[in-house]
Structure formats: structure tokens, C-alpha cells
Amino acid sequence: MDSSEAIFDALKDIGIDFIVSVPCVNLSKILNMIDDDEDIIHIPVTREEEGIGLCAGAFLGGRKPAILMQNSGLGNSINALKSLTQLYEMPLLMIMSHRGTEGESICGQVPMGESTPRLLEAMNFRFFKPGNPEGAYEDIKEAWDLSVEEGKPVGVLLEIKYW
């Protein structure tokens, strides 16, 4: 199973039908697959917190939302995640390309890469770190179920070695 196909298949199987994204080279193949799917509304955004607001509105309108972004966008969206989605108990699946981990070639990605898991823990958001496509497929399904059950965002961190 291809790493991008595993993510796409999991999104389809859990019924995600509204996705916002911020461009990332690691997510580009998945984003192309989403664009080609007529059952998924895909809205590219320029800032992650904008995407959080769109996902909240989509949920209120009966959709199953997800955001695909780099982990650096987590820092941009902390307030929206806590005071919008968590406060109003809205599920949200966050699929994050986890830059700044082992094998990163851009030194500017490392500080946020190291901080990402600790930020999620500090916000009391659960997250998964699948190591292979089969694990990602299962983790994404479990992450969505947890997000619905807990009424708050749940993350899936896809480290460089995943790709």
C-alpha cells in the first residue's frame, strides 16, 4: 500500500467529506487525489487558523471535516483549535506532515518539529505517529473515532521517515 493512498483510503472509509489544506510537498499526492474526488469538498487556504474556522462551519453544516497541513501550522492555529473546536466540542481530524524530524534537510523546520508533540500534549489533544501505510490507515480511523468521542481535534503526525 502506497503511503499517500493509505491516507486517502482511510479518509474515504471514515467518510471525511470536507477537507481544507495548506500546501506541503509531502501531502501533494494526497491533495491531488482529494481534488479528483467528487465526493470531497476541498478548500485550499493560506493560513491554518482560517482552515480551522472553515472546518468548524462545515461540521455545523453536517460535514465530516479534516485539515491537512504541515506541523508548523499547528502554532498558527492553537487559539482557534482551543477556543473554537474544543470549546464547542467539534471533532476535527488533523493530518500533519511532521517536518523537522529525523532526516530533515531544512534546519528552520527542526525547532517546531521538536515542539509539535509537546504542544499537542499541552493542549490535551491526542495524536498518532504511524510508521508505515498500514499503520496510518488504522491510526486515521482511530483518530477520527476519538475526535468524535472526545469532541475535540485529534492529530496524525506523518514524520519524514513515513514517506
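Predicted model: local features only at pLDDT ≥ 70, side-chain atom pairs only at ≥ 80, totals over all residues.
Residues are numbered from 1 along each chain as its sequence is written, and side-chain values use heavy atoms, with hydrogens and water left out.

Reader: Which residues of helix H2 are buried, and within what arc do they fall?

Author: Helices (H or I, at least four residues) and strands (E, at least two) are DSSP runs numbered from the N terminus, and H2 covers residues 28-35. Buried means under 20% relative accessible area, exposed over 50% and partly exposed in between, with a 1.4 Å probe and protein chains only. The buried residues of H2 are Ile 30, Leu 31 and Ile 34. Because the directions from the helix axis to their C-beta atoms define the arc, and they line one face of H2 when seen down its axis, the value is 100 degrees.

Reader: How are H1 and H2 oriented to each other, and which residues of H2 make the contact?

Author: Axes are lines fitted to C-alpha atoms, for helices over the stretch in contact, and angles run from 0 to 180 degrees between N-to-C directions. The axes of H1 and H2 come within 9 Å and cross at roughly 40 degrees; angles under 35 degrees count as roughly parallel, over 145 as roughly antiparallel, 65 to 115 as roughly perpendicular and the rest as oblique, so H1 and H2 are oblique to each other. H1 contributes Ser 4, Glu 5, Ile 7, Phe 8 and Leu 11 to the contact, and H2 contributes Lys 29, Ile 30, Met 33 and Ile 34.

Reader: How do the residues of the contact of H1 with H2 divide?

Author: Ala, Val, Leu, Ile, Met, Phe, Trp, Tyr, Cys and Pro count as nonpolar, Asp, Glu, Lys and Arg as charged, and the others, Gly among them, as polar. On that basis, the contact of H1 with H2 divides into 6 nonpolar, 1 polar and 2 charged residues.

Reader: At what angle do H1 and H6 pack, and which residues of H6 does H1 meet?

Author: H1 and H6 (residues 133-150) have axes 8 Å apart and pack at an angle of about 20 degrees, which makes H1 roughly parallel to H6. From H1, the residues of the contact are Ser 3, Ala 6, Ile 7, Asp 9, Ala 10, Leu 11 and Asp 13, and they meet Pro 133, Tyr 137 and Ile 140 in H6.

Reader: Is Ile 7 buried or exposed, and which residues does it touch?

Author: Ile 7 lies in helix H1 and counts as buried, at 0% relative accessibility. The C-alpha atom of Ile 7 is separated by 9.6 Å from that of Asp 139, 132 residues apart along the chain. Not counting residues up to four places away in sequence, Ile 7 touches Ile 30, Ile 95, Ile 140, Leu 158, Tyr 162 and Trp 163.

Reader: How do H3 and H4 lie to each other, and how do the residues of their contact divide?

Author: The axes of H3 (residues 48-60) and H4 come within 7 Å and cross at roughly 30 degrees, and the two helices are therefore roughly parallel. Among the residues making the contact are Ile 52 and Ala 56 of H3 and Ala 80 and Leu 84 of H4. The residues of the contact of H3 with H4 divide into 5 nonpolar, 5 polar and 2 charged.

Reader: Where is Gln 109 found, and which residues does it touch?

Author: Gln 109 is found in the loop between S4 (92-98) and H5 (110-122). Gln 109 is buried, with a relative accessible area of 14%. Not counting residues up to four places away in sequence, it touches Gln 70, Arg 99, Gly 100 and Glu 104.

Reader: What is the phi of Glu 89, and what is that of Asn 124?

Author: Most residues other than glycine have a negative phi. Glu 89, in the loop between H4 (72-86) and S4, is exposed at 58% relative accessibility, and Asn 124, in the loop between H5 and S5 (127-128), is exposed at 51%. Neither is a glycine, yet phi is positive in each: about 55 degrees for Glu 89 and about 65 degrees for Asn 124.

Note on methods: Contact = heavy atoms within 4.5 Å.
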